[in-house]
Amino acid sequence: MELRRKRAELSVALRKQARDEQLLKRRAMSPETETPVETEKVMTPEEILEELKSQDLTRKTNAARAARRMLSREQKPPISIMVNAGVIKPLVEALDHDECSDLQFEAAWALTNIASGTRQHTMAVVDGGAVPKLISLLGQGGVVGEQCAWALGNIAGDGPETRDMILNAGIMQALVPLLNAQTPTSQLRIAVWTYSNLCRNKNPLVQFDLVAPALPYISDLLEISDQDVLADSCWALSYLTDGPNERIEGVQTTRHLLPRLVSLLEHPAPAVATPALRALGNMLTGSDIQTDRCLDADCLKPISRLLSASPALSKEAAWACSNVFAGTAPQIQRAIDSGVLEPIARVLVHHDIKCQKEAAWAITNLCLGGTPEQLDAMLSCDILSPYCALLQARDHRAIIVVLDGLTHLLQAAAKYDQVRGMCIKLEEIGALDQIENLQQHENEQIYKKSIHILDSYFMEEEDASTQPAHDHEQYQFRTNDAAIHF
């Protein structure tokens, strides 16, 4: 069983949620209304193409603007129609006109919205030769550079292939200077969002050394007030830490980054706290040294509070706790001392099955790696009953996690001569009946694990110590009057 769990099967739903929170691609909407002014003639795609080929810069610019407006429609923008009409080639060529920044701006905007469409639309922009020209204009800054950053962000968000192509084309040299607090806010937001898309995707992971030069700048951005910049910065860090320990090390040891990230766990906006917690949770999957760094940065107090937050944050916080409980005995003790057990117990009682399963993972890891004193601390928090209640869940994985935890707990009980007391406790809270019922479960793992628990620990308890003792006119059962102490 992998104790410290990377975001793999457990994060499929979270990644879908993340795509809603931090969109892969964004379409730039026109500030004007969809209805043109009366003096303007509405061009057809064919007319736009013809005008884009004109040698007159004013006509070219008007055509590029008409294309941009058409592609900026809120409902059903005609991206395929425009691509099939052949506008990409002249729009890309328009980027070369340094003498007319208005034309470059309109062309970049139109290309941005084409790249916001399907993969075929994005690849049409790439195949049209737009990337090198967009990167060149990005380095020049200003509103044209901002629009080019937006287009490149859409292209990078299409997948690993386009992401790596943009990186190998040298985007970071142009992008990194924009990642500072002195950049105008609108440009900074787009630049950080583009960077986060360059860090995204796992199959394959981004080449770390290509994006790592921006980390000191991202660290500084964690202290500014703009919520969008903070959110996209944290998403970038969450992508970069979702992988091997070497990547976690590179992020974690960036100057001032870790304490700044921990401070964002208490940000009032879930849009910021969620990716910050995701990044921190990824770091807690790392080595013992990397986990200790997180604990030394005082991450446990805000994580403990987030256990009582919204379901999404509570689930992430429980996952982070499970990774600490998978660590060394001193790390487990620090988690217990921070007060996480009681809110974990509340998660097991009150939250949905997704949150409960993550909380169950935390308890299972504690049952495996905890010292006798730490197991006593767990049992004193009344966690056992809601933990065992998950044996009735429909989620097979949740049942398996609990059965694994009970096996570890009973193994510890056997080691410290507490099996009888633990078995009686499990019977009192109804867990024994639930384990017995699981012998008929359709899942092979579940019924095998339940049979193993019953055969290994409960059969031997059916002796005189649990049989009724005759006392004149009535029978008396010996009960668990004394508390269990490991």
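Student: Which residues have the most contacts inside the largest nonpolar core?

Tutor: They are Tyr195 and Leu280, in a core of 160 residues. Before we go on, this is a predicted model, where local features need pLDDT of at least 70, side-chain atom pairs count only at pLDDT 80 or more, and totals for chains, interfaces and linings use all residues. Residues are numbered from 1 along each chain as its sequence is written, and side-chain values use heavy atoms, with hydrogens and water left out.

Student: What makes a set of residues a nonpolar core?

Tutor: The members are buried Ala, Val, Leu, Ile, Met, Phe, Trp, Tyr and Cys residues joined through side-chain atoms within 4.5 Å. Buried means under 20% relative accessible area, exposed means over 50%, and partly exposed lies in between (1.4 Å probe, protein chains only). Helices here are DSSP runs (H or I, at least four residues), numbered from the N terminus.

Student: Which residues does Tyr195 touch?

Tutor: Leaving out residues up to four places away in sequence, its contacts include Met172, Leu175, Val211, Ile218 and Leu240. A contact means heavy atoms within 4.5 Å.

Student: Why are the buried residues of helix 2 said to line one face?

Tutor: Helix 2 (residues 45-52) has Pro45, Ile48, Leu49, Glu51 and Leu52 buried. Seen down the helix axis, these buried residues fall within an arc of 165°, so they line one face of helix 2. That arc is taken from the directions from the helix axis to the C-beta atoms. Exposed Glu46 and Glu50 sit on the face turned away from the buried side, while the buried residues pack against helix 3 (57-71), helix 4 (79-85) and helix 5.

Student: Why is the pairing of Glu93 and Lys89 called a salt bridge?

Tutor: The term asks for a side-chain nitrogen of Lys or Arg within 4 Å of a carboxyl oxygen of Asp or Glu. Glu93 and Lys89 have an N to O distance of 2.7 Å, so the pair qualifies. The two residues are four apart in helix 5 (residues 88-94), which puts about one helical turn between them. Glu93 is partly exposed, because its relative accessibility is 38%, and Lys89 is exposed, because its value is 56%.

Student: How do you know that Glu223 and Arg260 form a salt bridge?

Tutor: Their closest N and O atoms are 3.3 Å apart, so the pair meets the cut-off. This pair links distant parts of the chain, 37 residues apart: Glu223 is in the loop between helix 14 (215-221) and helix 15 (227-240), and Arg260 is in helix 17 (residues 257-263). Glu223 counts as exposed because its relative accessibility is 57%, whereas Arg260 counts as buried because its value is 13%.
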